[in-house]
Amino acid sequence: MQVQMQLTRIIISEISDQQFIYLKETEGERQFPILIGLFEATMIDRRVKKFKSPRPLTHDLVVNLVEALGGELDSVVISELKDHIYYARLRIRKDGEIIEVDSRPSDAIAVAVSCDPHLPIYVEEEVLEDAE
């Protein structure tokens with residue numbers, strides 16, 4: 001079972017390589033952090049704050065490529081937690097089918113917040129239980 005989540009916090013520290021984003025259940029109280037890189041944290045923060053870049057950035061490129069190839073970004077699923085590492089899939093709808101592409105959670109979430117409206121973010125129940 002997948003649980004819909006929302007991005008609730010982005011913590012960017014200029015004195016550390018470790019940045020965090022927090023996901024929280026949309027209809028519940030469970031939440032958890034994901035450790036991400038500075039570039040991804042900055043990208044996510046800029047998109048959430050509606051910062052406009054004069055040229056497409058990396059995550060904009062992903063969105064533009066999917067659309068140019070006739071696909072539609074559908075959602076993000078954080079699918080696994082193995083050895084303290086989260087795994088995600090970017091879900092793309094094309095010709096009535098869902099195509100899932102392996103992704104780091106930080107990149108998938110950056111793509112999700114680069115879309116207008118933002119893509120839904122889901123977490124597998126088992127991952128959510130293991131993260132607590």
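Helices (H or I, at least four residues) and strands (E, at least two) are DSSP runs, numbered from the N terminus. The structure described here is a predicted model, in which local features need pLDDT of at least 70 and side-chain atom pairs count only at pLDDT 80 or more, while totals for chains, interfaces and linings use all residues. Residues are numbered from 1 along each chain as its sequence is written, and side-chain values use heavy atoms, with hydrogens and water left out.

The description may begin with strand S4. Two strands are said to pair if DSSP finds at least two bridges between them. Strand S4, residues 72-82, pairs with strand S5, residues 85-94, in the antiparallel sense over nine bridges. S4 and S5 form a hairpin with two residues between them, and in the turn Asp83 has a positive phi of about 55°. S4 also pairs with strand S7, residues 121-124, here in the parallel sense and over three bridges. In S7, Ile121 is the bridge partner of Val76.

Strand S6, residues 97-103, contains Ser103. This residue is buried (under 20% relative accessible area, where exposed means over 50% and partly exposed lies in between, with a 1.4 Å probe and protein chains only); the value for Ser103 is 16%. Contact means heavy atoms within 4.5 Å. Leaving aside residues up to four places away in sequence, Ser103 touches Tyr87, Ala88, Leu90 and Ala108.

The helices come next. Helix H1, residues 38-48, has as its buried residues Glu40, Ala41, Met43, Ile44, Asp45 and Arg47. These buried residues pack against strands S1 (2-11), S2 (19-25) and S3 (31-36), and also against H2 and H3. Just after H1, Lys50 takes a positive phi of about 65°.

Two packed helices are described by the angle between their axes and the distance between the axes. Axes are lines fitted to C-alpha atoms, for helices over the stretch in contact, and angles run from 0 to 180 degrees between N-to-C directions. Helix H2 (residues 58-68) and helix H3 (residues 105-114) pack at an angle of about 70°, with their axes 9 Å apart. H2 is therefore roughly perpendicular to H3, a term that covers angles of 65 to 115 degrees. In this contact, His59, Asp60, Val62 and Val63 of H2 meet Asp107, Ala110, Val111 and Ser114 of H3. The residues of the contact divide into four nonpolar, two polar and two charged, where Ala, Val, Leu, Ile, Met, Phe, Trp, Tyr, Cys and Pro count as nonpolar, Asp, Glu, Lys and Arg as charged, and the others, Gly among them, as polar.

Technical notes:
Parallel < 35°, antiparallel > 145°, perpendicular 65-115°, else oblique.
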